[in-house]
Amino acid sequence: MKHHFSCIPFYDILTEQEQICFIENCSVVDFDCREAVFKQGSFAVNIYIILEGYCKLTFQTNEKKRIVFIPHKGEMIGKDYMVKTHYPYSVHTLTKTKLMIIPKTFLNDICLRNPDFYVKLTQMSESNMLKTMEWMINLGFKNIEGAVAMFLMKFCNTEYRNIDLSRTEIAEVIGYSRESVIHTLKKFVSENLISTKGKEIHVIDREKLEEIIKYS
């Protein structure tokens with residue numbers, strides 16, 4: 001299990017003793033596909049690093065549900081709620097997933113002991129958050145075709161291999177109805193921009209999709 005700890009961001013900044021503390025205090029757990037890691041509103045006790053697989057972060061208010069982030073290998077879940085007492089969103093696995101579980105109190109202690117590690121970790125978290133916010137803001141200005149095209153260009157590639165989102169989940173990512181997503185995907189298939197097989201979607205014409213994003 002020791003080799004998994006090299007996946008911790010900025011692990012080389014930690015002292016030898018701090019690295020030993022990580023090994024002693026953290027655990028690696030395997031999750032099945034579509035399993036809940038934690039639910040929105042539950043007590044926040046852990047930070048997570050994805051070692052293998054994919055997860056989805058879902059925020060729900062009243063009857064509306066949005067998938068706000070799909071982290072993958074090497075990404076950290078939870079740095080943004082270290083000062084919160086409850087999780088502000090839910091996390092479920094999308095595939096079989098291996099997670100490193102880091103107790104929040106332990107990570108807080110390490111950050112206090114090692115300011116350089118804390119600063120690097122915070123900068124990484126803020127950078128990722130800004131990129132996600134920028135993408136979501138741009139998405140909000142797109143019509144359905146532009147929004148679906150943005151989804152395809154971001155998630156239908158080798159970086160997000162085999163996540164196999166349902167049409168409902170795609171709708172929860174882009175903020176349109178499931179019916180609108182299905183109609184638009186069929187239109188893109190008929191125009192030979194993509195091909196589909198069940199949940200699988202393969203991009204054929206990236207240049208045309210980029211054009212749709214630009215003008216939709």
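Predicted model: local features only at pLDDT ≥ 70, side-chain atom pairs only at ≥ 80, totals over all residues.
Lysine 208 counts as partly exposed, at 32% relative accessibility. The side chains of lysine 208 and glutamate 211 meet in a salt bridge, with an N to O distance of 3.8 Å. Glutamate 211 is likewise partly exposed, at 40% relative accessibility.

**Helix H7**

- The buried residues of helix H7, which spans residues 206–215, are Leu209, Ile212 and Ile213. These residues lie on the same side of H7 because they cover an arc of only 100° around the axis.
- Exposed residues Glu207, Lys214 and Tyr215 are carried on the face of H7 that is turned away from its buried side.
- The N-terminal end of H7 is capped by aspartate 205, which places a side-chain oxygen 3.4 Å from the backbone nitrogen of glutamate 207.

**Salt bridges**

- The structure holds 7 salt bridges.
- One of them joins the side chains of arginine 34 and glutamate 169, at 2.2 Å from N to O. Arginine 34 belongs to the loop between S1 and S2 and glutamate 169 to helix H5 (residues 167–174), so this pair ties together parts that are 135 residues apart in sequence.
- Glutamate 169 is buried, with a relative accessible area of 5%, whereas arginine 34 is partly exposed, at 35%.
- Glutamate 169 also forms a salt bridge with lysine 56, at 2.8 Å from N to O. This pair links distant parts of the chain, with glutamate 169 in helix H5 and lysine 56 in strand S4, 113 residues apart.
- Lysine 56 is buried, with a relative accessible area of 13%.

**Positive phi angles in loops**

- Arginine 34 has a positive phi of about 65°, although it is not a glycine. The loop that holds arginine 34 runs between strand S1 (27–31) and strand S2 (36–38).
- Asparagine 62, also not a glycine, has a positive phi of about 55°. Its loop connects strand S4 (55–61) and strand S5 (64–69), and asparagine 62 counts as exposed at 70% relative accessibility.

**Nonpolar surface patch**

- Met129, Leu130, Met133, Ile137 and Phe141 form a nonpolar patch on the surface, and together they have about 560 Å² of accessible area.
- Phenylalanine 141 sits in the loop between helix H3 (115–140) and H4. Phenylalanine 141 counts as exposed, at 68% relative accessibility.

Definitions and conventions
Residues numbered from 1 in each chain as written. Heavy atoms only, no water. Buried < 20%, exposed > 50% of the residue type's maximum accessible area, 1.4 Å probe, protein only. Helix = DSSP H or I, 4+ residues; strand = E, 2+ residues; numbered from the N terminus. Arc of directions from axis to C-beta. Polar contact = N/O pair within 3.5 Å; in protein donor to acceptor, adjacent residues only side chain to side chain. Patch = residues over 30% accessible without salt bridge, like charges linked within 9 Å, V, L, I, M, F, W, Y side chains within 5 Å. Areas by Shrake-Rupley, 256 points an atom, 1.4 Å probe, with all protein chains shown as cover. Salt bridge = Lys/Arg side-chain N within 4 Å of Asp/Glu carboxyl O.
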